[in-house]
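The following paragraphs lead through a protein model, from its overall form to individual residues. Please keep the sequence and the coordinates in view while reading.

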Amino acid sequence: MKISRVEAIPYSIPYRKPLRFASGEVHAAEHVLVRVHTDDGVVGVADAPPRPFTYGETQGSVISVVEGIFAPAVVGLTLWERESMHGRLGRTVGNPAARSALDMAVWDALGRSVDQPVSTLLGGWTDRMRVSHMLGFDEPAAMVAEATRMREVHGITTFKVKVGRHPHQLDTAVVRALREGLGDDVELYVDGNRGWSASEAAQAMAEMADLGLLFAEELCPADDVLSRRWLVQQCPVPFIADESAVTPADVTREILGGSATAVSIKVARTGFTTSRRTHHLCEGLGLEVVMGNQIDGQLGSMCTVAFGSAFELTSRRAGELSNFLDMSDDLLTEPLEIRGGELVVRPGAGLGVEIDADKLEHYRQDR
Ligand code: MUC
Ligand code: MG
């Protein structure tokens, strides 16, 4: 059960439809597949989606830190020694997607070794999550049409709307069109990816006051410290910290400082080991939690549902689990399916998914 080798494999899969938001846009899943091998032949996998516009990582930096620093730090540890691993990886700052993929691949390998699903090892609260679909920037009619199709085809009734454009009326018009087009039964919330100033955000929230929003997320930069607190104080719905609260220490700082009142947990940047700490912290503080999406493929989405379904708090709200629907292809042997607005944990050991060797061969970029 000792870790004997770690691989970091770059691959690229085009998106059918790019996702556009205030801090960037994604046209292809240029990710790194991390595989952890043990001396008794078990292989665990997870995915690292580098997001340079949020955390500064690139495919190259993920491969470099995994191969050069993280792999030598964990080879020789057993799969049970996850806290030792966490401590060793913690000696290197930053690199959240690289660290998380390695952590989750170890959990997958552990689950396979003991023949248990990762979600059971983590907590086993339920086996499914409701799905929230993220709507990227577009014209109001196109965004209403996409949401309508998601409801008809997949049964999704919760939508996160990307906002943060200028003038802000571009976005408030979309949210109004969604509410009018989809009716009162759908849940709507907004994510600004730091695109507005605090005063623009306050104005936009006032203009959307009658639209029954569930949450507001990162409407202005957390680095605008005092104006962000001013905004959060007057926000009529929970204000989610996403990219401003990556580590548990960030969560503590942002929440106690009055810069957010809810938290997005993304396993793509905190793995399972640190996400568990964040979950416990949020539970202790009495915060609402949303399972977020780092624009993940199917493997990353399976990791999110494995974690989100493991606890009552993380499965209470719909999780952001559907970005993979915009990809032209993926790496799993059995594609994920969102049915009745839900994504269900695969029953097998570990993450319950297998990588299709032919697809990986086709999309990998290191050959
Ligand atoms: C999100 O919730 O912000 C877009 C940028 C990023 O870092 O994650 C995505 C989704
Ligand atoms: Mg966000």
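Of the 367 residues of the protein, 60% count as buried, where buried means under 20% relative accessible area, exposed over 50%, and partly exposed in between, with a 1.4 Å probe and protein chains only. This is a predicted model, in which local features need pLDDT of at least 70 and side-chain atom pairs count only at pLDDT 80 or more, while totals for chains, interfaces and linings use all residues. Residues are numbered from 1 along each chain as its sequence is written, chains are lettered from A and ligands numbered from 1 in the order in which they are written, and side-chain values use heavy atoms, with hydrogens and water left out.

The fold contains 15 helices and twelve strands; these are DSSP runs numbered from the N terminus, helices being H or I with at least four residues and strands E with at least two. The radius of gyration is 20 Å, close to the 21 Å that the globule rule gives for 367 residues, so the protein is as compact as a globular protein of that length. That radius is taken over C-alpha atoms, and the rule is 2.2 Å times the number of residues to the power 0.38. Along the principal axes, the C-alpha atoms fill a box of roughly 60 × 40 × 35 Å. Among contacts with a separation of 6 or more, 74% are between residues 24 or more positions apart, a contact being heavy atoms within 4.5 Å.

The surface comes next. The protein exposes about 13700 Å², of which carbon and sulfur atoms supply 50%; the areas come from the Shrake-Rupley method with a 1.4 Å probe, and for residues only the protein chains shown count as cover.

Which residues coordinate the magnesium ion (ligand 2)? The donors are Asp191 (OD), Glu217 (OE) and Asp242 (OD), at 2.0 to 2.2 Å. Donors are defined as N, O and S atoms within 2.8 Å of the metal (3.2 Å for Na, K and Ca); water is not among the atoms, so sites may look incomplete. In sequence, the donor residues follow the spacing D-x25-E-x24-D. Asp191 in strand β6 (residues 187-191) and Glu217 in strand β7 (residues 216-217) are 26 residues apart, and the pair links distant parts of the chain. Both Asp191 and Glu217 are buried.

The loop between β6 and α8 (198-207) holds Trp196, which counts as buried at 1% relative accessibility. Beyond residues up to four places away in sequence, Trp196 touches several others, including His166, Asp171, Leu219 and Cys220.

Pro167 lies in the loop between β5 (158-162) and α7 (169-182).

Elsewhere, Ala98 lies in helix α4 (residues 96-114) and is buried, with a relative accessible area of 0%. Ala98 is in contact with Ala48, Glu57 and Phe70, among others.
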